[in-house]
Amino acid sequence: MQRLERLYRRRVSPGEVISLEVARELAEISLEIRRQLGILISRIGEIAYVVVGDERALLIPSLDDYPLGRRLVRGVRLVHTHLKGETLSDDDLTDLSLLRLDMIAALQLTQNPDRFSIQTAALVPHRENGPPYQVEPSLPFNRYDLDFRAFIETLEYSLEKGLQDGRAVSTGQERGILVSVTQKTLEEATDSMEELKELARTAGVGVLDTFIQRPKEFNPRYLMGEGKIREVLIKALQLGATMLVFDQELSPAQVRSISELSELKVIDRSQLILDIFARRATTQDGKVQVELAQLKYLLPRLIGRGVQMSRLMGGIGGRGPGETKLEIDRRRIRDRIAHLERELKELSNGRYQRRQKRVKAGIPIISIVGYTNAGKSTLLNTLTKSEVFTENLLFATLDTSSRRLRFPRDHEVIITDTVGFIRSLPKSLLGAFKATLEELKDADILIHLVDCANPRFEEQIHEVDAILAELGLADKRRLLVFNKADQLPALKKSDPLAFMKVRQATRKYGAITVSANDRKSLEPLLTELQQRFWQDVPDYQAVILDQHFEE
């Protein structure tokens with residue numbers, strides 16, 4: 001033990017991988033105790049950790065003092081002994097790749113502590129085919145000569161250059177690897193992955209690569225197999241990713257397990273949607289609803305000692321100085337949730353009173369619903385000459401907007417734009433936004449807007465129908481409108497089958513085809529609305545009321 005502790009006092013020249021004296025000391029101790037022995041050496045030559053393993057392997061401790069951050073290598077190298085002179089193992093090379101060590105070296109021992117060889121391996125820039133590392137041949141230690149300082153400078157430069165050559169994301173942007181683990185068909189998994197890419201783009205995450213795995217059964221710890229998750233993590237580190245984004249909702253235990261393998265951030269689809277909503281919320285309603293959804297999502301994911309060690313339970317192991325910090329955090333979150341729910345109820349009462357005034361006035365209410373990025377806000381703007389924010393992003397607008405539209409003979413309607421729907425909408429989010437979606441219950445008719453240029457438009461129709469049914473609006477009168485008709489001529493040339501599919505669906509559903517940014521194309525829609533509300537209005541040309549109101 002004293003000899004092991006004295007290793008911490010040793011120093012290695014920054015230009016050497018390991019000095020002869022330190023290597024010989026490691027060999028002597030390792031042969032004496034019949035265990036693998038390793039040291040982690042910093043760039044300045046300090047021995048940061050001394051690790052004792054068993055005869056076959058050793059366990060590298062958590063390298064909290066040498067965080068990876070945005071660096072491509074960690075700044076510490078591992079030199080360890082192999083008792084039987086064996087070469088670097090798969091576990092060694094996996095540790096090199098996952099931990100992003102500067103280098104890993106094996107001292108291949110013989111029975112004579114003065115005679116041993118050394119074998120090294122280091123990372124290489126990302127390449128499509130081949131491992132992320134390069135293993136050098138073994139050499140007798142007395143013939144091994146490497147200028148480590150020059151080597152590490154060259155390594156970092158080549159890794160950074162390789163990263164820039166293969167990266168199409170802006171500097172300072174979050175960089176993510178998208179992962180889907182599903183038992184659905186490959187076509188469904190690919191469609192869902194494309195939607196996750198759009199969500200990532202909306203959230204400002206640069207997508208470096210995607211992985212889809214369709215296992216026969218899910219791994220309860222990592223969702224995917226342990227070998228596959230290690231492969232994904234190594235690829236992520238190679239590409240300089242800062243986060244993993246899973247298309248499926250992860251349990252708190254799964255997030256912790258995956259995070260323990262790497263320092264990358266691990267989030268799922270729900271958390272990504274919540275982040276987008278947090279960015280888009282501008283009104284008091286929206287901000288309260290988003291914060292409420294985030295807290296409900298966070299509460300079960302707080303990490304601590306677990307219920308069995310709660311200071312509030314009493315009993316063996318539970319006696320102590322009162323609440324732990326984790327329990328205080330949980331209590332504060334529950335208090336905040338209760339406060340936000342009360343605030344949301346008050347806001348809901350205000351909305352109810354305003355809706356009652358409209359109902360008493362006898363003005364028909366039309367609500368625009370649909371999948372996110374279907375063009376709901378653009379349609380509202382074109383109909384009412386409004387300036388609601390629009391952009392080619394998912395969830396570009398989050399808050400409900402209402403405008404007044406006047407038809408001939410002083411007929412008026414109120415048109416309301418609502419938040420877009422999406423598949424696998426987080427339950428906490430749907431629950432929080434039920435208050436906003438109460439607007440739909442008072443609507444006389446729902447305009448279900450569909451992006452017919454999207455290859456998955458029929459699946460999106462079914463998703464919206466399912467969410468409306470969950471909200472108790474399955475029986476509400478609806479008018480199906482296919483938007484983005486201006487993109488159909490190009491679709492007819494590029495994919496005639498997809499174009500025919502749209503034509504057939506238009507007849508099948510009895511849909512009206514429009515282009516939300518072209519006022520002339522909206523005339524059939526306005527005609528249909530007039531006929532549904534006022535049978536006696538002959539002229540279909542609507543007149544726009546310049547003074548509109550906004551909630």
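## Close-up views of a predicted model

**Figure 1. The largest pocket and the residues around its centre.** The largest pocket has a lining of 44 residues, and those lying nearest its centre are Asp95, Leu98, Leu99, Glu260 and Leu261. Please keep in mind that this is a predicted model. The space in the largest pocket comes to about 960 Å³. At least two lining residues come from each of strand S3 (76–82), helix H3 (90–99), helix H6 (226–238) and helix H7 (252–261). Which element gives the most to the lining of the largest pocket? That is H3, with six residues. By residue class, the lining of the largest pocket holds 15 nonpolar, 13 polar and 16 charged residues.

**Figure 2. The chain as a setting for the close-ups.** The chain has 551 residues, and 51% of them count as buried. Its secondary structure comprises 16 helices and 17 strands. If we take the contacts between residues at least 6 apart in sequence, 68% of them join residues at least 24 apart.

Figure 3. How does the span of H2 compare with expectation? Its 14 residues should span 20 Å at 1.5 Å a residue, and the end C-alpha atoms are 20 Å apart, so the two agree. Buried along H2 are Val22, Ala23, Glu25, Leu26, Ala27, Ile29, Ser30 and Leu31. An α-helix has 3.6 residues a turn, so residues three or four places apart point the same way. The buried residues of H2 pack against helix H1 (2–6), strand S2 (47–52), S1, S3, S4 and S5.

**Figure 4. Two arginines with positive phi.** Arg34 sits in the loop that runs between helix H2 (20–33) and strand S1 (37–42). Arg100, also not a glycine, has a positive phi of about 55 degrees. The place of Arg100 is the loop between H3 and strand S4 (104–109). Most residues other than glycine have a negative phi. Are these arginines buried or exposed? Arg34 counts as partly exposed because its relative accessibility is 36%, while Arg100, at 2%, counts as buried.

Figure 5. Leu123 belongs to strand S5 (residues 116–123). With a relative accessibility of 2%, Leu123 counts as buried, since the cut-off for burial is under 20%. Which residues does Leu123 contact, leaving aside neighbours within four places in sequence? They are Leu72, Val73, Leu96, Ser97, Arg100, Leu101, Pro132, Tyr133 and Leu155.

Figure 6. Asp209 is part of strand S9 (residues 205–213). The relative accessible area of Asp209 is 22%, so this residue is partly exposed. Beyond residues up to four places away in sequence, Asp209 touches Gly176, Ile177, Leu178, Lys235 and Leu239. Its side chain and that of Lys235 are joined by a polar contact of 2.7 Å. Another pair to look for is Asp209 and Val179, 30 residues apart along the chain, with 8.8 Å between their C-alpha atoms.

**Figure 7. Helix H8 and its buried residues.** Helix H8 (residues 269–280) has twelve residues, which should span 16 Å at 1.5 Å a residue; the end C-alpha atoms are 17 Å apart, and this agrees. The buried residues here are Arg269, Ser270, Leu272, Ile273, Leu274, Ile276, Phe277 and Arg280.

**Figure 8. Helix H13 and the glycine that follows.** Helix H13 (residues 457–470) has 14 residues and reaches 20 Å from its first C-alpha to its last, close to the 20 Å expected at 1.5 Å a residue. Buried in H13 are Phe457, Glu458, Gln460, Ile461, Val464, Ile467 and Leu468. After H13 comes Gly472, with a positive phi near 80 degrees.

**Figure 9. Ala498 in helix H15.** Where is Ala498 found? Helix H15 (residues 496–509) holds this residue. Ala498 counts as partly exposed because its relative accessibility is 22%. Ala498 and Ala453 are 45 residues apart along the chain, and their C-alpha atoms are separated by 8.6 Å.

Note on methods
Residues numbered from 1 in each chain as written. Predicted model: local features only at pLDDT ≥ 70, side-chain atom pairs only at ≥ 80, totals over all residues. Heavy atoms only, no water. 1 Å grid on protein atoms, 1.4 Å probe; cavity = no way out; pocket = protein on both sides within 12 Å on 5 of 7 lines; lining within 4 Å. Points joined across faces, edges and corners; volume = space filled by probe spheres on them. Helix = DSSP H or I, 4+ residues; strand = E, 2+ residues; numbered from the N terminus. Nonpolar A, V, L, I, M, F, W, Y, C, P; charged D, E, K, R; others polar. Buried < 20%, exposed > 50% of the residue type's maximum accessible area, 1.4 Å probe, protein only. Contact = heavy atoms within 4.5 Å. Polar contact = N/O pair within 3.5 Å; in protein donor to acceptor, adjacent residues only side chain to side chain. Expected span 1.5 Å × (residues − 1).
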